[in-house]
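Open the model in your viewer and keep the selection panel handy. We'll go chain by chain, then look at where the pieces meet.

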Amino acid sequence: MNIRFTGFGGQGIILSGVIFGWAAILNGKNAIQTQSYGSSARGGACKCDVIIQDSYIYELVPTGNDILVAFSQPAFEKYKNSLLKNGLLFYDSDLVRTDSFESNSFSISATDLAFKEFGQKLFANIIMLGFINSKTKLINAEAIEESIRQYVPSKFADTNINAFRLGMKLN
Amino acid sequence: MTRENYLSKLKNRTLFIQGDEAAAYGALYAGCNFFAGYPITPASEVAELMAKELPKVDGYYIQMEDEIASIGAMIGAAWSGGKSMTATSGPGFSLMQENIGYACMTETPCVIVNVQRSGPSTGQATLAAQGDMLQARWGTHGDHEMIALSPSSVQESFDLMLEAFNLSEKYRNPVIFLLDGEVGHIREKVVFPDINEVNIHPRNISKEKVDVFGGMRIPPMIEFGQGHRIHVTGSTHKSNGMRDVVSQEAHDKLIRRLNDKIESNRDEISKYELHFTDDMEYLVVSYGASARPSMGAVLKLREKGYKVGFLRLITIWPFSSTIVKELGKKVKNIFVPEMNLGQISREIERFVSCAVHPVSKIGGVAHTINEIVYEIESEVKKY
């Protein structure tokens, strides 16, 4: 299972991948995570790849993505073709227009929701994680919550958990 | 906090960290207490973690003005009783070459991490390569032997770092830790051991005034500041350390001993992993990041009915020539996936009479399993 998180640097793209990868390990699976470096990690089209498998992972480079998550238009344009034929596209409808791109796609207004519900845009990535997991049931929710608590600053942990749970309830 | 307290908190913990960070934790377990370095992608995470953690174990982190100064400081620290390390990537590794020779000549135990990126020159700064395999062996001038290790996973980056420090102490030689940007930067699971179950090779220190540059194949060291006067020089020297730069015999005796202490222990230092070599007709040899998709390709080719074996080199230098020679007699072809244009492939050719095919990929992206399967299958189908 290959998952690619994409967006602008600063939207929590890499954090999303790290949280998801660690949650998969807590769930007894193997996971590796890689991320883009240099200028793209600080702006532009940033990406974070997570490979999750029950068996040992020999393939270090994802050869196509089962799930693509897009948080910015440039990142969507750059990476949309990495989505496998039956892959799932998740995107923030406030920030991305998919136009004629054909895929099994799911969108939520994550950034707007984060601002309305929690007063800050920065919870959008965690709302999206909840949404992805409610659609795919890839990893059990307790493992993701444990992973969130490990990786976000402790004073924001509860808000992030609430953001994750909000995402889980969305359709 | 003492080192014991610090390490007891890590005991049996599982972390999701990068290969660079795992190498740094491995160094802390090995007793490293001095790091001098200059940041460079993709090796900066080693320095970053050492800067954060070394003070907690009463160690010293110092950011130097460049890589030449970094390795110089590290060698000095080793002679003052420290277990020292530096970390860099290609451009910095090139700058360090002169002092790597100085560390060989002065028999200084230390570890130099090279997280390889694409070169030559500044190349692709953020992307991975395995292009410094021969530079690690022959980068510094003159006759010398070298020890170099290359991990294939984040867990191995931790485990092998312990080995790197042990080998450097045992043989009084610098050890090159050949990570690549791929293994250095992926995050994977690492489980930390109990420090009480970790084997640490202690430095052989003499309290008495003895010859520290001869008299036996691997002489003991003396620590600076412990009351003995000692001369440490990169010039040819006698067993007491004093220069003798004109005598043919003195140079011959010293350099042959320095080479012999590694060469005569080649098989003991050499570590590798074998899979499916009993019934093989073809052999794949790989190491570091390339070994991952290589093993995946071997499994896939086996499913397709090809009798393919796999040799993963863990020790790169001294080269595992004994096993390569032995396996080379059993097969028609050897395939060598590596992220360079055939550096280790060329070394293998020296020891076998069968055909050796480099499966090269450069440009900063690791091989995929299918790329390796395709190259091997299309060659094998010719027969």
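A residue counts as buried here if 20 or more other C-beta atoms, placed from the backbone, lie within 10 Å of its own, as exposed if 12 or fewer do, and as partly exposed in between. What you're looking at is a predicted model, in which local features need a pLDDT of at least 70, side-chain atom pairs count only at pLDDT 80 or more, and totals for chains, interfaces and linings use all residues. Residues are numbered from 1 along each chain as its sequence is written, while chains are lettered from A and ligands numbered from 1 in the order in which they are written.

**Stop 1: chain A**

Select chain A. Of its 171 residues, 47% count as buried. Tracing from the N terminus, the order is β-α-β-β-β-α-β-β-α-α-α-α.

The C-alpha trace spans about 40 × 35 × 35 Å along its principal axes.

**Stop 2: chain B**

Now select chain B. Its average pLDDT is 97, and 100% of the residues score at least 70; pLDDT is the predictor's confidence in each residue, from 0 to 100. Chain B holds 14 helices and 15 strands. Its radius of gyration is 21 Å, close to the 21 Å that the globule rule gives for 383 residues, so chain B is as compact as a globular protein of that length. The C-alpha trace of chain B spans about 70 × 50 × 40 Å along its principal axes, and 51% of the 383 residues count as buried.

Colour 3–197 and 272–380 separately: these are domain 1 and domain 2 of chain B, with bounds that come from an automatic or database domain assignment. Their centres, taken over C-alpha atoms, are 26 Å apart. How many residues does each domain bring to the contact? Domain 1 of chain B gives 24 residues and domain 2 of chain B gives 22 residues, where contact means C-beta atoms, placed from the backbone, within 7 Å. On the domain 1 side, pick out helix 6 (133–138) of chain B, which gives the most, with four residues.

**Stop 3: where the chains meet**

Show both chains. The predictor gives the complex an ipTM of 0.95 and a pTM of 0.97. Chain A puts 14 residues into the contact and chain B 19 residues. On the chain A side, highlight helix 1 (13–26) and strand 2 (30–35), the elements that give two or more residues. Helix 1 of chain A gives the most, with four residues.

**Stop 4: the core**

Finish inside. The largest nonpolar core has 162 residues (a nonpolar core is a set of buried Ala, Val, Leu, Ile, Met, Phe, Trp, Tyr and Cys residues joined through C-beta atoms within 7 Å). Among those with the most contacts inside this core are A:I127, A:M128, B:V113 and B:F177. Helix 1 of chain A gives the most to this core, with eleven residues.

Centre on B:V113. Leaving out residues up to four places away in sequence, the residues that B:V113 touches include B:A23, B:V46, B:M85, B:F177 and B:L179.

Terms used: Contact = placed C-beta atoms within 7 Å. Rg over C-alpha atoms; globule rule 2.2 N^0.38 Å.
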